[in-house]
Amino acid sequence: MESITGLLTKIFGDGMSPMALLISGGLTMALIMSLVMAMCAIVFTWMERKVAGFLQSRYGPMRVGGFHGVLQPVADMLKILGKEDIIPDEADKALFMLSPFVIFIGSLMAWAAIPFAPGFIASNLDLGLFYIFAVSSAAPAGILMAGWASNNKWALYGAARGAAQMVSYEIPLALAAIPVVMATGSLNMNAIVDAQGGGVLNWYIVHDPFLFLAFCLYFIASIAEVNRGPFDMPETESELVAGYHTEYTGMRFAFFFLAEYANLFLVSCIATAVFLGGWHPIAGPVFLPGLVFLIKAVILVFLQMLVRWTLPRLRVDQLMHTCWKVMVPLTLLCVLGSGIWMMVSGELL
Amino acid sequence: MSDTTVTHGWEHQDKPRVQQSELLEINMGPQHPATHGVLRLLVKTDGEIVQSVTPYLGYLHRCAEKIAEGCDWRQWMVYTDRFDYLAPMNMNFGYAVAVENMLEVEVPERAQYIRVICAELQRIASHLIAIGTFGLDMGAWTPLLYCFREREEILNIFERLSGGRMLYNYFDIGGVRFDAYDDFAEEVLFMVHVMEQKIVEYNTLLTYNKIFIERTADVGVIDAETCYAYGCTGPVLRGAGVPFDCRRDDPYSIYDRFEFEIPYGQGEQGTVGDCWDRYIVRMREMSESCRIIRQAVDGMPEGDFMSPDLKKLVKVPAGSLYTRTESSKGEIGFHIIADGGSKPFRNKVRSPSYSNLHVIEKVGPGMMISDLVATVGSLDIVLGEIDR
Amino acid sequence: MTQYLRDIKDAVVSAFKGMGITSKHLAKKPVTLQYPDERWVLPERFKGFIINDTHRCDACLRCAKVCPVDCIYIETTGKAKDRYMYRYAIDYNKCIWCGLCVAECPTDACQHSLDYDHALYDRTRLVYEFTSPAKPIPCHKETRLEQGYYVPNADEERAKLAAKKEAELKKAEDETAAPDPSPDEGKVE
């Protein structure tokens, strides 16, 4: 935000009132974030297909746009725009139309507190991390609404499973980030990233063994949180047809799709900022911070894709078992362990 | 209608409210990704728990048995291709053996060996699909694509042999339609060599994956008694711990000349007869098929590939005979009734998937929806063969 | 407790093993072909679209009879020497590429081509006509020989036909020679 407002004052001079500056800066940032989200969907759908393709001994899209089908997402987008917008007769129309936006906005709001580069953060909240987890838990509501409003049995199953899963996995997700908050002493995202400056050894992932474990747990929980990979309960295409978005077509479906890939990138960005040193490079001074951040996040996205295309899916009760009987105790252990570690090493007094 | 009282719902307001819940009826299929074709399962569920399953069939019924009455004996071979379209060679084999038994005709040695090689390659191809789609039902996409990759290699051999990639119409009554091409033996041996390596890869990628074991072990347990009651055969019966295989226990063609094991479920990861056992039986059968193919390629003689003393238009002597052979799905039986003419009087097919599928009615209740999908996947049904 | 820990260990180890295999494939060259640009080599026995070489076909109707789905339409007129085939069509909507007609054909007129990618917008265009009514194909051996169509063992047949014709001519000559030859006939010659 600071860099944006700085830019705006440079352009328009000092004549802008602080209020106008805030509003115009906020709007610019929101626009940028929306574009980032849209780009996420475009880039990562292509990437997902290519990664899946090469993992499976095939090419993936090759024909649209010359080199390895780079324009495939654009073609898909055009196709999806031309689709008929179907609302089932028996559907709860208001909820049906609202739910894609609930999910989408929940995901969009979380982007406000992601620090991409020094000064490039939409809202430098002191409660940054807490805020991200809070707003991203709007998604289960959207999924429930979609499933219920579709008036389709498969969609209802998907929604019930999805809501249960996402509510459960919020807990290990947030708990896994707590050791970092303890180490930093702040929930502010900028502060968390700043604390990791100066080489790879200062990143929280190698801070202590418990934080490494916490990172692994965060990674697993984040896959579950975005309903992918071995935890794609709400969709389960081989069981529930298409889960909660069975009845959605055209642009409404595209919003779900957009939100899914935006969330995928979002959790990777959080992991990058919280555990992997944000914009700090492996060694040396800060150089092209935005790019460094992006590379780290994309590597995490790639890992998530690798997991998704390798592992079979868990059953719904095993999913809950994994969450409550494995992940939650282990994350608690991480909190306790890293607390003791910090106390012993004298960081936490 | 006159004496029925109209209820509005508020008459019972004063009475204590009775908690009522009803079962949710779901149609799984005919267009459902997990039903392997056009099967419709009427599932009644209580939340995630399945209370009853009823399979409804007939969406792929093509009257093949009735058509037989208008075809001559050779012509109907084309229709046997289309029963189990994932293992047409096995289907052809069953029908060819059945008619040859009626005719009491001697099939040349070379044809016998080519037939066995084809049938075993086809068994591998069919099991590859079974394993791949089972993995897909579990949510693992990649093994499916790897399985298809190896299957394509087998199909290439078949294409060179018969000209078709899916429906071969390669076996004929009294032999096979074309002789093996020049480097057939080398290609087959190379394929077997590749296959044996790939089985190791599948085992690492899928079989011994913890999530996969969790999803399949102790799930959909079908014991031997249930198998006998429902007439299950093939990997379902062997998965239940009964080492029964027509190839060994009721040998047809030249299977009595080969050495091979009958893999059967031992409950390594859970109970005997669970989904994992059925899966591993298929996996091990592929290795056994490789063994048979090696022996068959070694023993393949030169000579005729078609019985010389058969006329173009076959006339089967009057009578009836039931012949069973082992297809990749189980025991495929052809009950042939002939009236001495050039056309069958009645061809009755006993298809393995039909019997195997109906177990789902017995084992379905009480499991979760995900387990139902896993169990249907582990039965490896092909609807073309169920409905015919 | 040990079981619990062992389960976690198994899950992690097997997941990493699986990912090892899949990531190994990232570096490998994909096995798929880019279809319209690259094509695989078709084998000799490939069952492509069936074509009928009308030059060789003598409308023996065997292919139509053996076809299990009755997709071959043959229409003829006349009898014996006047028998002509004015229609030979294959309905590819029905054809199941079983290859029985090819195996059955005595003159190898019916053959599999190497074509396989015929996508059309109109179903009716899948009925392939191999003849035109304007140019009917003779069916009888003799007429075929006369008009230069294929006949198995053509030379032999031609010799036979020539012999037969000679015999006929001789017979006719004999017949005409036996009674008193009229002077008119000589004029005609």
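Colleague: How many bridges join strand β2 of chain B to strand β3 of chain B, and do the strands run parallel or antiparallel?

Modeller: Keep in mind that this model is predicted. Seven bridges link β2 (residues 40-46) to β3 (residues 49-56) in chain B, and the two strands run antiparallel. In general, side chains in a regular strand alternate between the two faces of the sheet.

Colleague: Which residue stands opposite B:Asp46, and what do β2(B) and β3(B) form?

Modeller: B:Asp46 faces B:Ile49 of β3(B). The two strands make a hairpin with two residues between them. In its turn, B:Gly47 has a positive phi of about 65 degrees.

Colleague: Let's turn to the core. Which residues have the most contacts inside the largest nonpolar core?

Modeller: They are A:Ala159, A:Tyr218, A:Phe265 and C:Cys101, in a core of 234 residues. Take A:Tyr218: beyond its neighbours within four places in sequence, its contacts are A:Leu173, A:Ala176, A:Ala177, A:Ala271 and A:Phe275.

Colleague: And the interfaces? How many residues of chain A are in contact with chain B?

Modeller: Chain A brings 21 residues, which are in contact with 26 of chain B. Helix α12 (residues 316-345) of chain A gives the largest share of chain A's side, three residues. That side divides into eight nonpolar, five polar and eight charged residues.

Colleague: Which element gives the largest share of the side of chain B that touches chain C?

Modeller: The contact takes 20 residues from chain B and 21 from chain C. On chain B's side, α5(B) gives the largest share, five residues. That side holds six nonpolar, eight polar and six charged residues.

Terms used. Residues are numbered from 1 along each chain as its sequence is written. Chains are lettered from A and ligands numbered from 1 in the order in which they are written. This is a predicted model: local features need pLDDT of at least 70, side-chain atom pairs count only at pLDDT 80 or more; totals for chains, interfaces and linings use all residues. Two strands pair if DSSP finds at least two bridges between them. Helices (H or I, at least four residues) and strands (E, at least two) are DSSP runs, numbered from the N terminus. A nonpolar core is a set of buried Ala, Val, Leu, Ile, Met, Phe, Trp, Tyr and Cys residues joined through C-beta atoms within 7 Å. A residue is buried if 20 or more other C-beta atoms lie within 10 Å of its own, exposed if 12 or fewer, and partly exposed in between; C-beta atoms are placed from the backbone. Two residues are in contact if their C-beta atoms, placed from the backbone, lie within 7 Å. Ala, Val, Leu, Ile, Met, Phe, Trp, Tyr, Cys and Pro count as nonpolar, Asp, Glu, Lys and Arg as charged, and the others, Gly among them, as polar.
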